[in-house]
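Reader: I'd like to learn how to read rings and cavities in a protein model. Can you walk me through it?
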Amino acid sequence: MFHVGDIVKVLIPNAVNAGYDYRLNAAATRGQMVRVTVMNRAYVGIIIGPGDGVIDVSKIKPVTEVLKYSLSNADVDWILKMAEWTMMAPGAVLRLILNVPDAFLPPRQEIMYTMGPIDGVRMTDARMAVADAFAANDNDSMTVSDIQHIARVSGAVVRTMIKNNLLVPAASRVANPLNISIYCDMGTVTLNADQSAAAAEIGRHIDAGGFSVHVLDGVTGSGKTQVYFDAAWRAYAAGHGVLLMMPEIALTAQFMDRFRDRFGAPPVVWHSNLTAARRRDIWRAVASGDVRIVVGTRSALFLPWQNLGLVVIDEEHDGSYKQEDMGNYHARDMAILRAKIGGFPVVLASATPSAETLENVACGRFHCMKLTSRFGGAQMPTIETIDMRGIKCQDYTPSDAPDTLRAGTLSPVLCDAMRDTLAAGHQVMLFINRRGFAPLVQCRHCGWVASCPDCTVSMTYHKRMGRLMCHMCGRTAPMTDVCPECGLGVTMRGAGLEKIQEEVAAKFPGVRTECVSSDTMLSRAALERLVARMESGAIDVVIGTQILAKGHHFPNLTLVGVVDADMGLFGTDFRAAEHTFQQLFQVAGRAGRGDTPGRVLMQTYQPTHPVMTAICAGARDEFMTTDMNARRTAGMPPYGQLIAIIVEGQRESVVQKFCSDLAAAAPNLNGGKIMGPIMAGVYQIRHWYRMRFLISGARTANLQPAVKHWLAKVRVPANVRVKIDVNPQNFM
């Protein structure tokens, strides 16, 4: 406890500080949130300990105000430890928690809007995205900035809707307080033997208290959700806070319905598409302890939890838990760190656990419980490869060019299986993790490629919008039929999901198809409408990217076709085989979840590749053992450490000179080595040039202090950014 007049160190949420000294004007505790000023700018920060005592006391400014909100001692320790591990500034970590400035202010008086009547109005995709944004936020009134952020539409769209009375000004700011539910176990689910054993094991550790990590390793459809619901209820009933963390695409209406059925009320949900008012209300309710269960994405870990007692990380292997924008951290690892410091359990759930998790299980650090059969007696699908070597796919006639044939992508074997499945009244999913129509537009004569002028990548042709698009920066350009270099014709190479949809329409006339990608699912509500149409049988063939790979249960879907199973196998990432296996296994898990057994067909030019043979044989553990042995030999994670340093700048010469100076100052690391600099895999993004260093070391090497000391020796020029990524997932 600190008293009036004490000098305390206050951490503020920015990337350049480790804390400043202030004089207290009221009693406070470590972790208490306070208002202070730095260079005449107001901040809300937290007290992290006593002051340094190196500044003349008469020159130390007083704290402006001691606020009612606070973090625990364990959470302050977690912030400092996370900063040390990730090499983020402590203030940058705090910024992830204090990221709702409205939480400390009364509601601003802004013009609010509600949806007006839409009957008889032409609803474009953008207008429907706005309507969906209101629906996703319980039809609360919203500001213009909320509407643009959540619906991801331009200001012009919003202004036009206001002009046409599709958006109607609200009389006043609507006080729509958060609906805080009291949950109970409705007793609607009876666990099978495997589930009961897993739930009992996790429950025993929850009751006993203390840190532990439990891996819920279950095949797709095995009922992992109901097991961790049981754990959530135990922790909640004991008075603890509970976080159920999952990838954004897994936050489906189907999951919300399961939660409501189990606990009698809907969950409080935290994700990126909330209004500012809803974010404020949830943040305050968690900080006060009024909300004790939240279902959310990775950022929910940074809510100001009170008495957090359980974190569940669903699909723990998923790459979306790795943050690469506002600092680099892995939410799974930081959740485990928070639990270790706070002394409470963590549950990791997955049908394809990551290599890091499997290694921790093998070493005895994590407890593992397996669910080996699907819940309700459903059978696992049969999985087969289609050897594409030497197969000529039947040409088809595109709808906009009836006099020419376009090379097909779907093999005769897959087409026959689709025909049989559709004739039986069942549904088909075709998976290709490539948006648009064609990933490459190239001159067939001189070799010119349609490339983004701002990034060193080719542009993808999107037939739906009739334009080329850069998938790095979002820039679009008109599609061209002639080469700008030689004036001759261009050709489209490769296949995206739009091309697959066109081919299905040509080969299966009258079949009802739907494309599912981030281009077509502009909101969560749009995805829910797609799910509802699948469940009602209004769609025969759904063609999608990884949005469909997990979190969905379609009982009448019995055939999954993977159009290009080789897509992720080759590249610079040592995790390529693991990630491909995980993705294909998750996609395969969508088939046969009802009464009818499922079938999965994977088109591949590498049918003997270990990934393909392992999936077909159901030999996940054997595959991962082989893959991890190769990593052990190479000293790659989880048997070694990597730290990436990415240098970005708008002037190529400045970036290269700085990297040269950095390389010249590189130390000899004890237990590690520094490689680089080299040009990044994507050398230029949005006109910023990019270079990379990679530091590797043994698992026991203490690399962070040495890297920090090295980087401090070279001054960073203006307009150059240096990003540090500990154990990177992205090598581009």
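Author: Helices (H or I, at least four residues) and strands (E, at least two) are DSSP runs, numbered from the N terminus. Residues are numbered from 1 along each chain as its sequence is written. This is a predicted model, where local features need pLDDT of at least 70, side-chain atom pairs count only at pLDDT 80 or more, totals for chains, interfaces and linings use all residues, and side-chain values use heavy atoms, with hydrogens and water left out.

Reader: How many cavities of 30 Å³ or more does a search of the whole structure find?
Author: First, the idea. Rolling a probe the size of a water molecule over the atoms shows where empty space is left. On a 1 Å grid over the protein atoms alone, a cavity is a set of points where a 1.4 Å probe fits but cannot get out, and lining residues have an atom within 4 Å of a point. Points are joined across faces, edges and corners, and the volume is the space filled by probe spheres set on them. Here, the search turns up two cavities of that size.

Reader: What lines the largest cavity?
Author: That cavity holds about 70 Å³ of space. Its lining includes H317, D318, R332, E356 and H579. Helix α15 (residues 576–588) supplies the largest share, three residues. By class, the lining has no nonpolar, seven polar and five charged residues. Ala, Val, Leu, Ile, Met, Phe, Trp, Tyr, Cys and Pro count as nonpolar, Asp, Glu, Lys and Arg as charged, and the others, Gly among them, as polar.

Reader: And the second largest cavity, which helix gives the most to its lining?
Author: Helix α3 (residues 125–136) does, with three residues. This cavity has about 60 Å³ of space, and its lining has three nonpolar, three polar and two charged residues.

Reader: Now the rings: how many aromatic pairs are there?
Author: Rings of Phe, Tyr and Trp (its six-membered ring) pair if their centres lie within 6.5 Å; planes under 30 degrees apart count as stacked, over 60 as edge-to-face and the rest as tilted. That rule gives 20 aromatic pairs. Take Y183 and F263: their centres are 6.4 Å apart and their planes at 70°, so this pair is edge-to-face. Y183 sits in the loop between β7 (167–169) and α6 (193–208) and F263 in helix α8 (residues 253–263), so the pair ties together parts 80 residues apart in sequence.

Notes: On a 1 Å grid over the protein atoms alone, a cavity is a set of points where a 1.4 Å probe fits but cannot get out, and a pocket is an open set with protein on both sides within 12 Å along at least five of seven lines; lining residues have an atom within 4 Å of a point.
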